[in-house]
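The following briefing describes selected local features of one model, grouped by topic. Please read it alongside the sequence and the structure.

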Amino acid sequence: MTPNTVSTPPRIVVIGNGMVGHRLVDQLRAETVSETLEIVVLSEEPRLAYDRVHLSSHFDDPAPDLSLTSETHYAQQGVQVVFGRATSVNLATRTVEVGRQQLNYDRLVFATGSFPFVPPVPGRDAANVFVYRTIEDLENIRSAARAAQSGVVIGGGLLGLEAAGALRKLGLDTHVVEFAPQLMPAQLDKEGGATLQRTIEDMGIGVHTAKATREISLDTDGNVLGLAFEDGSSLDADLVVFSAGIRPRDDLAREAGLSAGERGGIVIDDGCRTSDLYTFAIGECALHSGKIYGLVAPGYQMAKVAAANLLRDLGLRAGEPAHFQGADLSTKLKLMGVEVGSFGDAKGVTPGCRTVSLSDNVRGTYSKLVLSADGTQVLGGLLVGDTARYNDLLDLTLSAAPLTVPPETLLVPPLPGGEVAAMSTNALICSCENVRADSLCSAIAGGAQDIASLKKCTGAGTGCGGCVPGMTSLLKSELARLGQAVDNSLCEHFAYSRQELFDIIRVKDYRTWEEVLAGHGQGLGCEICKPAVGSILASLHNEYVLKKEHAPLQDTNDAFLANIQKNGTYSVMPRIAGGEVTADKLIVLGEVAKKYGLYCKITGGQRIDLLGAQRDDLPAIWAELVAAGFESGHAYGKSLRTVKSCVGSTWCRYGVQDSTSLAIALELRYRGLRSPHKLKSGVSGCTRECAEARSKDFGIIATEKGWNLYLGGNGGVTPRHAELFAEGLDEETLTRTIDRYLMFYVRTADRLQRTSTWLENLDGGLDYLRSVIVDDALGICAELDSQMARHVDTYRDEWAEALADPKTPACFRTFVNSDARDAAIQWVDERGQIRPAFAHEMVLLPMAGADD
């Protein structure tokens with residue numbers, strides 16, 4: 001074959017099958033079939049394209065399927081797959097060698113991506129030193145983590161924090177080391193990096209900035225001991241992961257004679273064509289206008305441009321050449337649950353620009369806008385901790401639209417029911433694919449009435465996936481506007497809303513996850529549906545949540561019947577109904593706290609929190625508390641927490657009713673009631689409201705005529721006062737009304753929906769609720785009464801049940817292969833008690849084998 005001839009059908013060979021290479025294949029096949037174009041894909045990895053953006057979820061249980069395609073799917077598209085690494089390219093003969101195979105091509109595309117940069121640090125070749133790039137890398141890390149206790153990630157950028165989250169999922173004491181003075185130096189400014197660091201440290205992950213690693217310390221057998229830094233300090237670790245940046249994979253292209261940048265990257269023009277007429281390059285291996293793009297969205301844009309020009313070259317498409325003119329580097333992501341957004345001129349390098357920022361250390365958020373010199377346009381910005389307004393702010397940046405509101409109003413969270421600053425009426429929903437609301441609405445009107453169809457016809461949601469929740473909300477509202485049925489599926493595994501699934505489980509009397517999944521679900525389940533089904537089963541049957549068939553459904557807190565704290569220890573919070581406790585029980589709490597070295601704190605819910613318990617000690621601590629008459633306070637569950645009270649008429653000269661006795665009775669009645677969200681209550685003995693009843697999910701205030709009942713309040717970030725539901729109730733009527741209110745909420749609320757939001761969304765509001773639970777308009781009151789009576793009759797203390805099982809202590813061991821304590825947990829004294837040591841207070845422990 002000579003350069004002037006074209007095969008029939010013409011053949012395109014794509015070297016690389018990552019996300020961008022796969023997107024190119026999809027773009028090519030969207031306009032061709034195998035009879036008109038032959039496509040050959042070379043995959044160096046033993047698996048075809050998968051989602052690297054969500055690579056860390058590979059450590060979830062169950063691990064999601066990250067695959068973007070399969071050999072079967074490619075075969076159906078007429079795409080030939082060759083597994084193996086391309087070893088040489090001959091531009092003159094237009095051939096590629098893969099092992100012993102030689103493949104001819106008419107057009108060649110490099111989609112070889114990048115490789116992790118590993119600095120020349122002594123010790124980097126040791127057995128327990130890894131990079132974080134492929135699923136095979138993750139499997140190697142998982143294998144090594146089984147015999148390790150601590151791990152450190154060198155690199156505090158995007159991928160480094162993802163790697164740290166993965167080590168944390170594997171149960172390792174985790175640290176991040178960053179050479180720059182802050183985390184994510186490429187995206188965030190100093191204050192944004194500091195906000196992110198505080199949040200990550202609160203999760204129990206050590207962060208060490210402005211640290212240059214001199215070497216990886218090894219013992220005489222070559223085992224990793226930790227890191228030694230240039231400043232003379234050190235850090236213990238059994239496992240090291242490098243995530244210090246990437247470099248374009250351009251070695252094969254360089255050897256073939258293609259032009260490459262001085263610092264790496266295959267040089268391409270606006271058509272994604274290289275210095276060779278028949279060769280293209282896309283993604284992280286390509287250098288366009290002196291820039292390497294390390295994000296998936298620009299790679300997808302390159303794939304679209306390259307596909308158009310390839311088909312035009314081969315006579316399979318008409319029209320003008322397509323052009324890649326650079327890409328916006330804005331990005332929104334979630335790192336270990338922390339939302340981070342960066343858009344436009346985020347660091348404010350535009351001459352004359354001005355900034356307005358808001359740092360909220362209470363909510364753990366930071367927001368900054370970079371404005372033009374006259375303050376009328378948004379040039380860029382940063383969001384840490386809350387990216388709810390990312391798309392709107394990005395839209396303002398890209399459109400250069402003049403501001404019509406004061407810029408600070410774009411950063412301040414709106415109050416419930418308050419005015420919201422005006423944004424674009426045609427909001428940008430997906431920044432990866434530049435898809436706006438009107439495009440999605442048009443697609444919905446045209447028949448794309450589920451998320452999968454919307455993804456297929458608009459491309460939205462196929463990049464980082466961060467826009468899918470917004471797409472879902474838009475889809476539901478638009479379908480409702482069009483008079484179409486709205487899909488309220490709990491998740492991809494259940495085609496039912498939580499309310500529908502609750503009714504199915506109730507009617508069918510299902511008792512296990514397996515029965516529910518087999519009868520009405522598909523796949524293996526996920527982190528959404530498993531806890532939701534577990535909560536429904538607990539609400540209906542009130543069975544022990546760590547029973548063998550229920551335990552896999554619980555999250556971290558329920559799994560250990562305790563709240564995990566920032567340094568990996570746990571809180572112990574026994575129930576103190578109504579805030580009333582005897583002197584003998586107070587003495588027991590003090591003795592337990594002294595014996596196990598716990599921090600004592602009286603909570604806002606009138607309980608005593610014992611903080612700093614190591615997981616191994618939880619069964620022993622609770623054995624002493626249960627023996628003294630205490631029971632679980634359910635501070636860890638989506639259930640009733642407390643019923644707060646004042647002393648009422650028993651002691652107070654203003655009290656008109658016995659609020660303490662009522663609070664105790666209600667707390668003992670509703671204790672352990674599993675619900676879509678946590679529940680709190682309060683009972684005040686007079687209108688002075690010392691128990692703050694109106695800030696609770698259900699609150700009761702005494703009057704001389706009886707009890708007034710208030711519903712739907714909450715504290716938190718967006719506090720809401722409860723509304724008056726009924727007045728002058730006697731205790732029996734009050735209790736019956738609350739019974740029905742709680743059971744109707746449990747039955748009909750969405751997953752993780754507070755009572756306040758549930759009531760706001762309830763069609764007809766309080767009037768409708770009153771018709772249901774007072775007037776029995778639906779004829780279900782007897783059932784609601786029976787359901788609550790069953791809960792009260794079947795209640796059993798979870799910690800008492802846990803201690804009755806001789807296998808319980810083994811489930812709480814920190815290390816499965818050792819009885820050693822977690823030595824990485826460090827404390828400092830403060831006001832006569834312990835608290836977790838902050839990062840700057842941590843004492844470097846001697847490395848294994850060192851002299852005392």
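Two strands pair if DSSP finds at least two bridges between them; helices (H or I, at least four residues) and strands (E, at least two) are DSSP runs, numbered from the N terminus. The model is a predicted one, in which local features need pLDDT of at least 70 and side-chain atom pairs count only at pLDDT 80 or more, while totals for chains, interfaces and linings use all residues. Residues are numbered from 1 along each chain as its sequence is written, and side-chain values use heavy atoms, with hydrogens and water left out.

- An open sheet is formed by five strands in the order 33-34-35-36-37, and its pairing is mixed.
- Strand 33 (640–645) and strand 37 (723–729) are at the edges with a single partner strand each, so one side of each has no neighbour in the sheet.
- On average, neighbouring strands of this sheet are turned by 15° against each other, direction ignored; axes are lines fitted to C-alpha atoms, for helices over the stretch in contact, and angles run from 0 to 180 degrees between N-to-C directions.
- Within the sheet, strand 35 (residues 698–703) pairs with strand 36 (residues 706–711) in the antiparallel sense over six bridges.
- Opposite Ala 702 stands Trp 707 in strand 36.

- Helix 19 (residues 659–670) packs against helix 20 (residues 731–748) at an angle of about 35°, and their axes are 12 Å apart.
- The contact involves Leu 662, Leu 666, Arg 669 and Tyr 670 of helix 19, together with Glu 731, Leu 734, Thr 735, Ile 738, Asp 739 and Leu 742 of helix 20.
- By class, the residues of this contact are six nonpolar, one polar and three charged; Ala, Val, Leu, Ile, Met, Phe, Trp, Tyr, Cys and Pro count as nonpolar, Asp, Glu, Lys and Arg as charged, and the others, Gly among them, as polar.
- Helix 19 passes helix 20 in a right-handed crossing; a crossing is left-handed if the near helix is turned anticlockwise from the far one by less than a right angle, and right-handed if clockwise.

**Helices 1 and 7**

- Helix 1 (residues 19–29) and helix 7 (residues 296–313) pack at an angle of about 35°, with a distance of 8 Å between their axes.
- Their crossing is right-handed.
- Helix 1 contributes residues including Val 20, Leu 24 and Leu 28 to the contact, and helix 7 contributes residues including Gly 299, Ala 303 and Leu 310.
- The contact of helix 1 with helix 7 comprises eleven nonpolar, two polar and two charged residues.

- In helix 9 (residues 437–445), the buried residues are Ala 437, Leu 440, Cys 441, Ala 443 and Ile 444; buried means under 20% relative accessible area, exposed over 50%, and partly exposed in between (1.4 Å probe, protein chains only).
- Viewed down the axis of helix 9, the buried residues fall within an arc of 160°, so they line one face of the helix; the arc is that of the directions from the helix axis to the C-beta atoms.
- Exposed Ser 442 and Ala 445 lie on the face of helix 9 turned away from its buried side.
- Gly 447, which follows helix 9, has a positive phi near 120°.
- Strand 12 (residues 206–209) is covered on both faces, with Gly 206 and His 208 buried on one side and Val 207 and Thr 209 buried on the other.
- Strand 11 (residues 173–178) pairs with strand 12 in the parallel sense over four bridges, and Val 177 has His 208 as its bridge partner in strand 12.

**Individual residues**

- Leu 752, in the loop between helix 20 and helix 21 (755–761), has a positive phi near 60° and is partly exposed at 44% relative accessibility.
- Arg 831, in the loop between strand 38 (827–830) and strand 39 (833–836), has a positive phi near 50° and is exposed, with a relative accessible area of 73%.
- Ala 281 belongs to strand 19 (residues 279–281) and is buried, with a relative accessible area of 0%.
- Not counting residues up to four places away in sequence, Ala 281 touches Phe 110, Ile 266, Ile 268, Cys 272, Thr 274 and Ala 286.

Methods
Contact = heavy atoms within 4.5 Å.
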